[in-house]
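Q: Please take a close look at one part of this complex: the place where the two chains meet. Then put that part in context.

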Amino acid sequence: MNRQLIWIARHSLAIALCVMFVAPVGFLLLTSLMSDAQALTSSYWPQDWHFENYKDVFAKTPMARYLLNTVLYAGAATVFMLLSSVPAAYALARLRWRGQGTVLVVIVCMMMIPPQVTTVPLYLMWANWGLTGTLWPLVLPMLFGDAFSIFLLRQFLLTIPGEYLDAARVDGCGEWRTLLRVVLPMARPGIAAAALFQFFYAWNDYYGPLLYTSENEENWTLSLGLASFKTVHHVQWNLVSAATILTMVPVAALFFFAQRAFVQGVTLTGVKG
Amino acid sequence: MHHKLRHGLTVASFMAPATVGIVVFFVYPLLSAVYFSFTKFDLLTTPEWVGLRNYRHMFEDSFLGTATRNTLWFVAVMVPARMLGGLGSAMLLTTLKRGSGLYRTIFYLPALAPPVAATLAFVYLLKPGVGPVNTALGHLGVDAPLWFNSPGWSKPSLVLLCLWGVGDVMVLYLAALLDVPTAHLEAASLDGANAWQRFRHVTLPHISPVVVFTAVIGVITTLQYFTQAAVAASAASGQATTGAGISSTFGYPEGSTFTYPLWLYVVGFRYGALGYANALAVVLFVVAFAVSLLLLRRTINPERAS
């Protein structure tokens, strides 16, 4: 009897928490389907369903441009990061060389230092190169390694049994061939996790686009556009809600496709780190 | 010798891009920030050496006092709140057998929500007057606060927002809790240990690396707290201007959400006091570095690669 009560109590608590976790998005979704006027009232179930709000967001705001910019930023950042960070992670995890430990410490430091510390000198550098106002300052550095991704990938590559690498080397593979032929296929989950983190980071990033593109609305991303939404439309909460939902959907969709890789990535950085 | 050279070239080919990145995008700007912190300049002038003046100015900058106090408040409240929330929900999940996968997904998902979107959702949810939360509180006969529009409640509102996204911390605790050997817990039970004693003497020592990790990462991310504070202030004030001018609403209401990094941003990019902004950056660096040393000492074990 007592045991059943505890079981009920635990599940009730879990369900109550679920409701609290879902409610903010639930209300947002309902609001996004209301009329402009109803969104300003305290009735939360749409009186009529205004699915056209989602069309209006694209018609009345530069949503399409924000979306395109965000996809470009997140996509390019992810591809660039993989090109530069996978080899670096391999060298740190699987090769022995002088200065390896020092480089690893520097990379961990880079992960820990708040981005605001280097903001001003970096901004001046990009301004010198005439690239402020564009997304290049956020994308180009990814061609030169991303500290967090290198660290995550290194942790993953350490888990691959050394015998596979030795076998490849005995067969006469050079290190690059070993990486491409043997390690990459085995490291797919780790690479997927790093790619997802990078994509989400860029998709969600507000500080970077604010810093570099706020002067040029052509290059705004979703985060930046969303934060300045009601300037154009005086607090049209139904449209703001629709735009907010649209920003969240790709993240949720990607998560469901790659849930496993993702959770694995989270625990890899934390527990093993 | 030839072999050694070849090996060196191989390593260089793997590490070259990242090395350039470390130097150009980290070491160089970090050293520049230190140098610039002793100078005075803006976007149009060249740096002029002023010694320690920027650092002395900090003590006369009353707004910096407000911003620092706000950031310390966030560190003192948000970090423990997220750790307890994450640990609590993870422990709940480990006791549920049926449906725990579904619960885990639902608990975790909000952590992925884009911060700007999540902040807007909470500003809407907690809107004074017609927001769902205050409507519900009104039905219960509770005198509802003004949340993001009240200087006393704006910070607690942001704490609610950060608790909504507690899933990332929870996943870490969940992995650690599942690693606690059940045999030890059972042995403790047989010895007559109650639930608290089992937690205190068996579970906690096992998960302590994750506790340290979440504490240090929590402090460091909270020291950078920027986006949610900026967006909540502009959305709640209802007078947001464009992205470039958004700083005019920073801190709303009454400076209660003005954080240290927000002030750094405003000093540098709105007032153009780039020397002083760099001095603020150097102080932030020293604090963040000191905190991360706690973790670094643990992480960098002399682990040798194959």
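**The chain A–chain B contact**

A: In this predicted model, 84 residues of chain A are in contact with 79 residues of chain B. On the side of chain A that touches chain B, helix H1 (residues 2-31) of chain A gives the most, with 13 residues. That side of chain A holds 56 nonpolar residues, 22 polar ones and six charged ones. For the complex, the predictor reports an ipTM of 0.91 and a pTM of 0.92.

Now the partner, chain B. Its domain assignment gives two entries: domain 1 (26-60 + 273-299) and domain 2 (70-223). Taken over C-alpha atoms, the centres of domain 1 of chain B and domain 2 of chain B are 34 Å apart. Eight residues of domain 1 of chain B are in contact with seven residues of domain 2 of chain B. The side of domain 1 of chain B that touches domain 2 of chain B comprises six nonpolar residues, one polar and one charged.

Next, confidence. Chain B has an average pLDDT of 90, and 93% of the residues score at least 70. Two stretches of chain B fall below 50. In residues 240-245 of chain B the pLDDT is below 50, and this stretch has 19 contacts in the model beyond near neighbours in sequence. In residues 301-306 of chain B the pLDDT is also below 50. Where pLDDT is low, predicted coordinates should not be read in detail.

Terms used: Residues numbered from 1 in each chain as written. Chains lettered and ligands numbered in written order. Predicted model: local features only at pLDDT ≥ 70, side-chain atom pairs only at ≥ 80, totals over all residues. Helix = DSSP H or I, 4+ residues; strand = E, 2+ residues; numbered from the N terminus. Nonpolar A, V, L, I, M, F, W, Y, C, P; charged D, E, K, R; others polar. pLDDT = per-residue confidence, 0-100. Domains from an automatic or database assignment.
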